[in-house]
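Me: I would like to go through this chain and ask what stands behind the terms used for it. Please set each value against its cut-off.

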Amino acid sequence: FFIQSYPSAINDYKLAKLAEVGLDRIGMGIEHGNEKFRNEVIKRPYSNERAIEKMKIVREFNIQYSCNNIVGFPHETPKIHWDTIELNKALKADTGSCAIFTPFHGTPLRRMALEEGFLKDPNALAPSNFDYSILDMPQFPADLVEAKAKVFNLYVMLPKSRWKDVEKAEENTPEGNRIFEELRQEIRDKEAESIV
């Protein structure tokens with residue numbers, strides 16, 4: 001069976017008991033890799049060092065895990081988004097995802113987006129969190145948020161020496177899309193080789 005959790009909730013005792021009854025995979029809510037931003041804005045108070053240590057425990061129990069992240073939070077910048085990529089590289093998950101921030105009604109982050117003018121329509125409904133951003137942030141435009149979500153796993157899974165190629169894949173052009181597909185195929189091929 002599969003569960004969802006956060007790094008701060010992981011410990012040896014819980015994992016041992018869950019492994020005994022058949023835990024196969026954990027979806028780990030990382031959300032963001034910048035500690036200050038994560039603690040102050042997202043209200044997820046744990047250190048990156050602690051998250052890395054907790055994932056070592058998960059690996060010791062041979063439990064697969066994915067890291068689930070979000071890009072495009074109110075007040076986020078492209079610069080601090082890199083911290084999410086760097087943390088995910090260090091966490092060494094089996095898989096990962098990067099959704100686009102969704103300002104759900106009734107949440108403090110939606111109120112923040114409205115108060116800061118990032119969300120103009122108080123009745124706006126967001127699409128799927130993998131489609132596009134409805135926030136209008138001058139420091140992190142919606143098209144760049146979408147591009148960063150699109151290539152997130154490429155940055156995480158490819159070595160830094162390939163990041164210039166990944167940056168080209170962010171572009172929503174025929175050339176950028178071609179590079180994106182080539183890089184995705186490269187990762188698939190590597191994964192297939194590791195299984196054999």
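Me: This is a predicted model. What makes the largest nonpolar core a core, and which residues have the most contacts inside it?

Reply: A nonpolar core is a set of buried residues of nonpolar types joined through side-chain atoms within 4.5 Å. The largest such set here has 33 residues, and Val71, Leu135, Val151, Leu154, Val166, Ala169 and Leu183 have the most contacts inside it. The elements that give two or more residues to this core are H2, H4, S4, H5, H6, H7 and H8. H6 gives the most, with seven residues.

Me: What does Leu154 touch, leaving out residues up to four places away in sequence?

Reply: Leu154 touches Val166, Ala169, Phe180, Leu183, Arg184 and Ile187. Touching here means heavy atoms within 4.5 Å.

Me: Why are the buried residues of H5 said to be on the same side of the helix?

Reply: The residues in question are Leu109, Arg110 and Ala113, which are buried in H5 (residues 108-115). They cover an arc of only 105° around the axis, and therefore lie on the same side of H5. In general, an α-helix has 3.6 residues a turn, so residues three or four places apart point the same way.

Me: Which residues are on the other side of H5, and what does the cover of the buried ones include?

Reply: On the other side, Pro108 and Glu115 are exposed. Helix H2 (35-42) is included in what covers the buried residues of H5. Just after H5, Gly117 has a positive phi of about 80°.

Me: Why is Thr107 called partly exposed?

Reply: The relative accessible area of Thr107 is 27%. Buried would need under 20% and exposed over 50%. Thr107, at 27%, is in between, so partly exposed is the term that applies. Thr107 lies in the loop between S4 and H5. Its C-alpha atom is separated by 28 Å from that of Glu86, 21 residues apart along the chain.

Me: How do you know that S2 and S3 pair?

Reply: Pairing requires at least two bridges between the strands. S2 (residues 25-31) and S3 (residues 64-71) have six bridges, in the parallel sense, so they count as paired. Among the bridge partners, Met28 has Cys67 in S3, and Glu31 stands opposite Asn69 in S3.

Me: What joins the other strands?

Reply: Six bridges join S3 to S4, which run parallel, and the bridge partner of Val71 in S4 is Ile100. Four bridges join S1 (residues 2-5) to S2, also running parallel, and Ile3 stands opposite Ile26 in S2.

Me: Which crossovers are called right-handed, and what is the test?

Reply: With the strands pointing away from the viewer, the path from the first strand over the helix to the second must run clockwise. The chain crosses from S1 through H1 (residues 12-20) to S2 in a right-handed β-α-β crossover. S3, H4 and S4 also make a right-handed β-α-β unit.

Me: What makes S2 a mostly covered strand?

Reply: Seven of its seven residues are buried, each therefore under 20% relative accessible area. Arg25, Gly27, Gly29 and Glu31 point one way from S2, and Ile26, Met28 and Ile30 the other way. Residues pointing either way are buried, so the cover is on both sides of S2.

Conventions. Residues are numbered from 1 along each chain as its sequence is written. This is a predicted model: local features need pLDDT of at least 70, side-chain atom pairs count only at pLDDT 80 or more; totals for chains, interfaces and linings use all residues. Side-chain values use heavy atoms; hydrogens and water are left out. Buried means under 20% relative accessible area, exposed over 50%, partly exposed in between (1.4 Å probe, protein chains only). The arc is that of the directions from the helix axis to the C-beta atoms.
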